[in-house]
Protein chains: 2
Amino acid sequence: MSDPLHSLTLGEILEEHRRARPQQPAVIGEGLRLSYPALANRVQRLANALEDAGVRHGDRVLWLAQNHPGVLEGLIACGQLGAMFCPVNWRQTADELAFVIDDLEPTLVVWQEAEIGDAVRAARERAQHQGARWLPLDGPDGWDRFIADAPPEPRQRTADSNDPVLVIYTAAFGGRPNGAMLSQRAIAWQDLALIDIQDLSTDTRFLNSGPLFHVGTLMVTLAVFHIGGTNVFIRRTDPAAMARLIHDERCTYAFLMHSTCTDLAALNSDRRYDFSSLRTASVSPEWDAMVQVQDARNLFGYGQTELMGPVTWSYYGWGANLGRNGRSGPVAQLRILDDTGSEVPTGETGEICVRGPTVMNGYWRRPALNAQRQRDGWHRTNDLGRREPDGSLSFIGPKLQMIKSGAENIYPAEVEGCLKQHEAVADCAVIGVPDAQWVQSVKAIVVLKPGAPADAAVLIEHCRARIASYKKPRHVEFVDALPRDASGRPDYKALDAAFGGGGYPGGETRGA
Amino acid sequence: MSDPLHSLTLGEILEEHRRARPQQPAVIGEGLRLSYPALANRVQRLANALEDAGVRHGDRVLWLAQNHPGVLEGLIACGQLGAMFCPVNWRQTADELAFVIDDLEPTLVVWQEAEIGDAVRAARERAQHQGARWLPLDGPDGWDRFIADAPPEPRQRTADSNDPVLVIYTAAFGGRPNGAMLSQRAIAWQDLALIDIQDLSTDTRFLNSGPLFHVGTLMVTLAVFHIGGTNVFIRRTDPAAMARLIHDERCTYAFLMHSTCTDLAALNSDRRYDFSSLRTASVSPEWDAMVQVQDARNLFGYGQTELMGPVTWSYYGWGANLGRNGRSGPVAQLRILDDTGSEVPTGETGEICVRGPTVMNGYWRRPALNAQRQRDGWHRTNDLGRREPDGSLSFIGPKLQMIKSGAENIYPAEVEGCLKQHEAVADCAVIGVPDAQWVQSVKAIVVLKPGAPADAAVLIEHCRARIASYKKPRHVEFVDALPRDASGRPDYKALDAAFGGGGYPGGETRGA
């Protein structure tokens, strides 16, 4: 239910910035330099444009394009209408994009010609859903015209910040992705956590150099917006363009993979660009000499799209900080539960479950999956984790299907994690094989490091010494490489077929 | 409506700390040293004890005692029951306390014998409401026993964080105070803002040396709790006891008035105590040499009890920062509205109005006042303010009743603020006197600085040059001192009687 007195929507945050930060730059990119009042004016028009294009409460707008200020504008405007905005992974195939179009059934699709036009057109043709208006991002009849043609007057609207506003497709456990629906409430709470953890302020100038269809970049964009900083947009990761923007706009922060830093350092070996405004993690002596190297404590945690990003952070470490993924922050509760919903003791592995204002509302159009993943008021992450004695979290791995030995559950990710700690092991996967006495037993498929000896007994003893004995492999097979599925995970179906896997709980092979 | 999946109550924050921060000290004081798990166990028992004592959803618990860990414990436990906890100003007279008892009609009263026992007993006798159970804070049958005797098992409860959990009496504009009801949502959002602004962390050790019946101290207590820091409790401001606690417990932060710092510095002139853990504002060379002097940017803003504390902060300054009260933070929206509810232009004075998750739910049992103060989804603060051209806020003064000149509204606080800027003026108050032509005209009652000349024309010209001409005083009277009411404000009724005030809008004298 809408509660205006206690409301804090993205649109309201923007209207506050209009008044409190009238001279502050909000958005830079695509030839635009927008102050907060200018951004507020554009979003006001955009909300009217969307409404006049038929976008109503609960409707969807699909962003089939790369990074652009329009992602921020579209999200805020959709929030005012109670509609949902979906920035989709533009690297997908036409078939995958068509699936999203048919699943989301958008009222409006904003699409980009450059680089992805062919895939977009093929997806549009292939999709069953033909009811959308297709708006080109670029050109004379594109996004800017769509905004400029709309009436500027604000219209009276009341949005409920608990309604979903953002859809991000993820969690393709069943082979096809599911759209996680996140609310304005989830965004605002995560903003507040990030503002503290990442030390964001009006002085922050964030280069949006990671993909905005991924929560890892988008959550920072939104937190920078919330605190009144400046977002600098670039369509995609492009070291030459990034170098110019960091230099010209004095960017203080950016989404940077290790390899991008290496590229940027090489590109700037003659120091033609000044990167001294940028705070980043330590990467290499060459890179570190160009930037401000920051304490790495805020750079890792555990999270997922369904949680609007991380819920634990190494930032919240103190004492021994045994867990590799830090501690829960101030906006989420976390429990390690077994399959019956009971909490497992400290040091034991179970499913990471989360409750709190940043949890998604559910997956779009997946009532059965939502009922299963959100039962008893806890979001099941499908990930395994462990509370360490100091209260910190160790993420063990994705849950997938269990192996059963007698009455005991064995989580392959845990056995794999143990094997990978052995110096001879380069890679491995664990499957369950039928066992007349124990239902199943554990078989490890191992890739050795170059020159390492193939000694099954040594690896089995390594596990026996580190995890409960019933979890240790009884069989080890050595291979040159593991088969992998499209997402890069080991292909367990292929491994089961090749190495005799079977007898899993529920009677099926383990699946992806 | 309760929404467990997205819930974040005080009790849930505590249960998360139990798991994530098992060795962290939560509470020190009254001979207690409680880790977060130990605090969680006490609160679990306390919620059961309150429930077994008849405290139900919507019921009130009155804390008629000084600072104590029980304020934190009681607030969290009441939150789990959907009940309200009211820490009342224990400095009040028996008559004032009796008013609160009758207004709040608590189910349980926790009361203290030391220092205030006589007033409490007199209030209990005088009150009409005789239905409460009275629990002594101290002694063998006190608070600790009440907790220890309760069953330890957690009970299944679902709390709605939007329900009120905290009542603080304030806003005695009409002569009697009103109980501002604040929700767990309001507390949690303000916590997040404070964690960033005041740099709170698990390393924070906060000395609760200000009164916990005041939002200025209590909001910090709660934010320190939320981020998993340590709260150190002391019954009241007592420099000798404070010095020992700062030294022994390595307190990093404390609620400190200027005079308390001076007392502490004098008391520690021989450096017997080590205050080097403490971060405070600069006070004097003696004091500054004992502590860590911190940047003063986070130390002022604009707020009120009804908003769970400040909503603007000097922390959010940049550029010229003209406004004396900084900029709105990330958890509230602020508008300067006229009496018709329209926004006034930048630079003009109007009522400060606020919307957002930290706004109170309303005053306890004041439906007419709530309808007036919360109309159109904005909380009317009863305070006057002005947006400066850079977006920052200047707080002008309390609104009180207006003076009417022709069709124009004149806010006395604004005229007084202007007069006080003159070097000859030590103090002043402004009243309205009947005017045959203009309804009312402005009269200033002025206390001059020693030796300053009594020149009415100069003061009138000073105002004419600085505020709209119709607002300037037409008459000036000079006095040795202003009459003041119990709260220390100028006694306008007495001034009206002495200096011919009257003809106010509504036909009454201006009142308090």
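A polar contact is a pair of N or O atoms within 3.5 Å; within protein, one atom must be able to donate a hydrogen and the other to accept it, and residues adjacent in sequence count only if both atoms are side-chain atoms. By this rule, 34 residue pairs are in polar contact across the interface of chain B and chain A, both residues being at pLDDT 80 or more. The model described here is a predicted one.

**The interface**

On the side of chain B that touches chain A, the elements that give two or more residues are helices H1 (10-20), H7 (184-197) and H8 (215-227), together with strands E16 (327-328), E17 (333-337), E18 (349-355) and E20 (379-387), of chain B. The most is given by H7(B), with seven residues. By residue class, this side of chain B divides into 23 nonpolar, 15 polar and 14 charged residues.

The contact draws 52 residues from chain B and 52 residues from chain A. Between them the two chains bury about 4,300 Å², and carbon and sulfur atoms account for 55% of that area. Eight salt bridges are also found across the interface of chain B and chain A. One of them joins the side chains of Arg355(A) and Glu12(B), at 3.2 Å from N to O.

**A residue in a loop of chain B**

Glu348(B) lies in the loop between E17 and E18 of chain B. Is this residue buried, partly exposed or exposed? Glu348(B) counts as partly exposed because its relative accessibility is 45%, and that class lies between the limits of 20% and 50%. Apart from neighbours within four places in sequence, Glu348(B) is in contact with Ile336(B), Gly385(B) and Arg386(B). Ala38(B) stands 310 residues from Glu348(B) in sequence and 53 Å from it in space, C-alpha to C-alpha.

**A strand of chain A**

Strand E1 of chain A, residues 25-29, is mostly covered, with four of its five residues buried.

| Partner of E1(A) | Sense | Bridges | A bridge pair |
|---|---|---|---|
| E2(A), residues 32-35 | antiparallel | four bridges | Pro25(A) with Ser35(A) |
| E10(A), residues 230-233 | parallel | two bridges | Ile28(A) with Val232(A) |

E1(A) and E2(A) form a hairpin with two residues between them. In the turn, Glu30(A) has a positive phi of about 55°.

Technical notes:
Residues numbered from 1 in each chain as written. Chains lettered and ligands numbered in written order. Predicted model: local features only at pLDDT ≥ 70, side-chain atom pairs only at ≥ 80, totals over all residues. Heavy atoms only, no water. Contact = heavy atoms within 4.5 Å. Buried area = accessible area lost by both parts, 1.4 Å probe. Salt bridge = Lys/Arg side-chain N within 4 Å of Asp/Glu carboxyl O. Nonpolar A, V, L, I, M, F, W, Y, C, P; charged D, E, K, R; others polar. Buried < 20%, exposed > 50% of the residue type's maximum accessible area, 1.4 Å probe, protein only. Pairing = 2+ DSSP bridges.
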